[in-house]
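Let's walk through this one together, starting with the whole chain and then zooming in on a few residues. Have your viewer ready.

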Amino acid sequence: MSPSRPARHPAWGIALVALIALAGLFYVKWAPYYDRAFVAAQTHSIGASILTGGQDAPPAPSLHAALDYAKVYGLAIWKALLLGLLLGSAIQVLLPPRWIERWLGRRDAGGVVTGGLLSIPSMMCTCCAAPVINGLRHCRAAPGGTAAYWLGNTMLNPATLVFMGFVLGWHWAGLRLALGLVMVLGVGWALNRMHKTDCTPTGDTGATEADTDPAFFLPGQVLRRWARAFAGMALRLLPEYLVLVLLLGAARAWLFPVLDFSIDNSLVWIVGAALVGTLFVIPTAGEVPIVQALLALGVGVGPAAALLVTLPPVSLPSLAMVSRSFRRSELAVLALGVIVLGVVAGGLAIGLGFGG
């Protein structure tokens, strides 16, 4: 008797993932950002700072401040977050795991570069990309390639770089792109070097089933598994995500206590900005109006550059969302890499005379 062969993933499922990705990204990202680029070019602005909502300072910590920030932030990201949940759960169920392993499972430079390249058209904020990260790790993507994809969504986002060029100046966009490449490739390489043997996240066994029963891939069975994966991911990620967004929204006045010329280019302010930027959560391109408002208030270019590099790639909520997909040591290295490059950004902005 010949050995049983694994059933093949249905072509319609693979096509469905491609359709969701292309249609979803066009609706949520590509079309809106295309129009927004013309607004940035004409007005040299893409809106008010989400930190203050156009006011002189963040509101005092309160329930109202928390709810207000969560409302503004939620309206900005809910479509992308829904798309991220759909894609993350679909990757687990509808794509052949061997595809993910072939392109992102490699622990060499090629896997990291592939992750970075795949991130460029995605353009999601760090929290909206988190469900996709969980889906990729579920299918045994290597930590380095997965991290490169995650960081590249924000740091290599072509739309954000265009907004930045028109609003802040192309020298700021160049600084962001250069350090973004270092972050994506450097952190990805470091995570792959940390562990030579893969460690699929605990409990992620769905991608390794034998799948020898042809009924396993009947449309009804597949769609039920996808619905369960979507519901499980949403119920696991969204409650902690919402709580952390509310807490950070309430704590804006503590995290950003002074927003004027008293924030100079001293090292303590640059390091402080890098730390706060790594923890705080913003929507895609939210760092552009934040930095624009800070510079207008006289904040030093060093802290402003540190925020420009650290606000987008990770946040406390997004780190919590992917905490089951990476080891704690990997997340620590990832966050530390973001902080260090934020400090480097501050030094480079000063050294290159961005304030001149």
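First, some housekeeping. This is a predicted model, with local features needing pLDDT of at least 70 and side-chain atom pairs counting only at pLDDT 80 or more, while totals for chains, interfaces and linings use all residues. Residues are numbered from 1 along each chain as its sequence is written, and side-chain values use heavy atoms, leaving out hydrogens and water.

On to the fold: you're looking at 15 helices and 0 strands (DSSP runs numbered from the N terminus, H or I of at least four residues for helices, E of at least two for strands). The chain's radius of gyration is 21 Å, close to the 21 Å that the globule rule gives for 356 residues, so it is as compact as a globular protein of that length. That radius is taken over C-alpha atoms, and the rule is 2.2 Å times the number of residues to the power 0.38. Along the principal axes, the C-alpha trace spans about 80 × 40 × 35 Å.

How much of the chain is tucked away? Of the 356 residues, 53% count as buried, where buried is under 20% relative accessible area, exposed is over 50% and partly exposed is in between (1.4 Å probe, protein chains only). As for contacts (heavy atoms within 4.5 Å), 88% of those between residues at least 6 apart in sequence join residues at least 24 apart.

Now zoom in on T310, in helix α13 (residues 301-310). T310 is buried, with a relative accessible area of 0%. A polar atom of the T310 side chain lies 2.7 Å from the backbone oxygen of A306. Leaving aside neighbours within four places in sequence, T310 touches A273, A274, G277, T278, V338, I339 and G342.

Another threonine to find is T154, in helix α6 (residues 143-155). T154 is buried too, at 7% relative accessible area. Beyond the neighbours within four places in sequence, T154 has contacts that include M124, C125, T126 and R176, along with P312 and P313.

Last stop: a loop. I263 lies between α10 (252-255) and α11 (267-279), and at 8% relative accessibility I263 counts as buried. The C-alpha atoms of I263 and G300 are separated by 6.0 Å, although the two residues are 37 apart along the chain. G300 is also among the contacts of I263 outside four places in sequence, together with V258, W269, G298, V299 and P303.

Definitions and conventions. A polar contact is a pair of N or O atoms within 3.5 Å; within protein, one must be able to donate a hydrogen and the other to accept it, and residues adjacent in sequence count only if both atoms are side-chain atoms.
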